[in-house]
Amino acid sequence: GSWLAPILAKLFPYLRMVFVFREKVGRSMSYKNMLAEKSGKGCGDDLFKCLNASMNSWGSYSESTQAWYDHFPAAQIHAIQFEELVEDPDGVLRRLKSFLGI
């Protein structure tokens, strides 16, 4: 985001963005499960150590999204919590459609 956001802000100043966030533990578990399926390498006997290493290596959402908020007004950015999407897809999609103006 730090190099792309300023470029897109110049090219498309009215761009609307949608971010979908997932809580950290669920995101790490999903990632580790995907790796285990693809490579056959799971967490083994120490699930806590495995997930903790994964969660700490990714940083926070605030770090990865800051550049977008630095270059675009907040009104052009829509955040969706993945867990809310799963629980209330109709409500989330209704708000998304409103944000996009469709």
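Here is a short tour, starting with a core and ending with a helix.

A word on the ground rules: this is a predicted model, in which local features need pLDDT of at least 70, side-chain atom pairs count only at pLDDT 80 or more, and totals for chains, interfaces and linings use all residues. Residues are numbered from 1 along each chain as its sequence is written, and side-chain values use heavy atoms, with hydrogens and water left out. Helices (H or I, at least four residues) and strands (E, at least two) are DSSP runs, numbered from the N terminus.

Let's begin with the largest nonpolar core, which has 10 residues: Ala-5, Leu-8, Ala-9, Met-17, Phe-19, Phe-21, Ala-67, Trp-68, Phe-72 and Ile-77. A nonpolar core here is a set of buried Ala, Val, Leu, Ile, Met, Phe, Trp, Tyr and Cys residues joined through side-chain atoms within 4.5 Å. Buried means under 20% relative accessible area, exposed over 50%, and partly exposed in between (1.4 Å probe, protein chains only). At least two residues of this core come from each of helix H1 (4-11), S1 and helix H4 (61-71).

Two residues show how these pieces meet. Leaving aside neighbours within four places in sequence, Ala-5 is in contact (heavy atoms within 4.5 Å) with Ala-67, Trp-68, His-71 and Phe-72. Thr-65 sits in helix H4 and counts as buried, at 9% relative accessibility. With the neighbours within four places in sequence again left out, Thr-65 is in contact with Phe-19 and Phe-21.

Now follow the chain to Glu-23, in the loop between S1 and helix H2 (24-39). Glu-23 is partly exposed, with a relative accessible area of 35%. Its contacts, leaving aside neighbours within four places in sequence, are Gln-81 and Glu-83. Glu-23 and Glu-83 are 60 residues apart along the chain, and their C-alpha atoms are separated by 7.8 Å.

Last comes helix H6 (residues 89-100), whose 12 residues reach 16 Å from first C-alpha to last, close to the 16 Å expected at 1.5 Å a residue. That expected span is 1.5 Å times one less than the number of residues. Which residues of H6 are buried? They are Gly-91, Val-92, Leu-96 and Phe-99. Seen down the axis of H6, its buried residues fall within an arc of 135°, so they line one face of the helix; the arc is that of the directions from the helix axis to the C-beta atoms. On the other side of H6, Asp-90, Arg-94 and Ser-98 are exposed. The cover over the buried residues of H6 includes strand S1 (17-21), strand S2 (77-81) and helix H5 (82-87). Just after H6, Gly-101 takes a positive phi of about 75°.
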